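Hi everyone, thanks for coming. Have a look at the model first.

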Amino acid sequence: MHYASTRRTFLAHSALGVLAAGVPLFGQGAQTAQPTSSGQSPAPAPPPAKRTPMPRTAPPYDKATINMIGPRPGYTPQIGTMVSMLTWMEGAVLGPTRDLTQEQLDYLFDKNANTIGALMLHLAATEVLYQRITFGNENFDKLPADYEAKWGPAMNLGAAGRATIKGHDVAYYQDALREAREKTLVEFAKHDDAWLTTALKEPGWGGGPVNNYCLWFHVCEHISHHSGQIDFLIKRLPGARSDDAAG
C-alpha cells in the first residue's frame, strides 16, 4: 500500500498559547505608544472587523475545550487524544476561510497553483481515503475506481483539480470537511487503543512498521501542512489587507 501523499514534516502552525499570554512572537518586542512631535498620542487603531461565527463543525466548536488536548468522552484515552488534535486542526482551516467568497476560493495564482477551495476539498478527500485504509482494512496500490470517481481530482489536485474544483461557495467545502469528520468520529468510537497502536501488516513510509496512530497523525499533520498553504494564499489574494503579523 502506498499511503496517500508524501510524508511531510509536522508544521507548528499555531501560537494560540503565547498569544493568549501576551508573549511577543519571533523577537517582536512589545510596542508602546510614543507621543508625536506635537505631544499628542497617536490615534487608537480601529477595532478589528467582525468575523462570521465559526461554521458548524464535528464535534461542535467549543471554546471551553478546543485548546484542551487529551482524552475525550466516548473514546478510549489515546483515540480521544487523537480526536482532540484533529478537532483543533479543523479550526485552523475553517477559521481563516469562513469569510472567503467564491471568487477568492477559486482564485488561481498561476497555471501550476492550487486554489484554496481545491486544497480544502483535498483535505476532505485525504480523510476519506484514510478511513478506508484504517477502518475498512483496504489495501490497494492505486486508488479504487469508486473513490477515484468522486475524490480523484481533489486527492491528486494538479490539472484535474484546476479544471473541475470551482464554482462552489465556502459552505460546500465546509460541509465536505464536516461530513468526512463525522464519519471518522463514528468509526473511532467503535475502536480502542489497542487497535490504534498495533502495527499493521503492511509497511509504512520508509519500509518500517506502521500503526493506525501514525496514519491518523499523518492526517492531522497533513491538515497542518495545507492550512499553512491556505494562510499563505489568503494573504496574497487581490485586495488582501496588509498584515505585518508573523506567519
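**The second largest pocket**

Let's start with the lining: it divides into nine nonpolar, three polar and five charged residues. Here Ala, Val, Leu, Ile, Met, Phe, Trp, Tyr, Cys and Pro count as nonpolar, Asp, Glu, Lys and Arg as charged, and the others, Gly among them, as polar.

Some housekeeping: this is a predicted model, where local features need pLDDT of at least 70 and side-chain atom pairs count only at pLDDT 80 or more, while totals for chains, interfaces and linings use all residues. Residues are numbered from 1 along each chain as its sequence is written, and side-chain values use heavy atoms, leaving out hydrogens and water.

A pocket is an open set of points on a 1 Å grid over the protein atoms alone, where a 1.4 Å probe fits, with protein on both sides within 12 Å along at least five of seven lines; lining residues have an atom within 4 Å of a point. The volume is about 340 Å³, meaning the space filled by probe spheres set on points joined across faces, edges and corners.

Which residues lie nearest the centre? They are Leu-121, Lys-150, Trp-151, Tyr-172 and Ala-176. Helices are DSSP runs (H or I, at least four residues), numbered from the N terminus, and H7 gives the most to the lining, with six residues.

Now, Trp-151 is also among the buried residues of H5 (under 20% relative accessible area, 1.4 Å probe, protein chains only). Those buried residues pack against H4, with contact meaning heavy atoms within 4.5 Å. Just after H5, Leu-157 takes a positive phi of about 55°.

How values were computed:
Helix = DSSP H or I, 4+ residues; strand = E, 2+ residues; numbered from the N terminus. Buried < 20%, exposed > 50% of the residue type's maximum accessible area, 1.4 Å probe, protein only.
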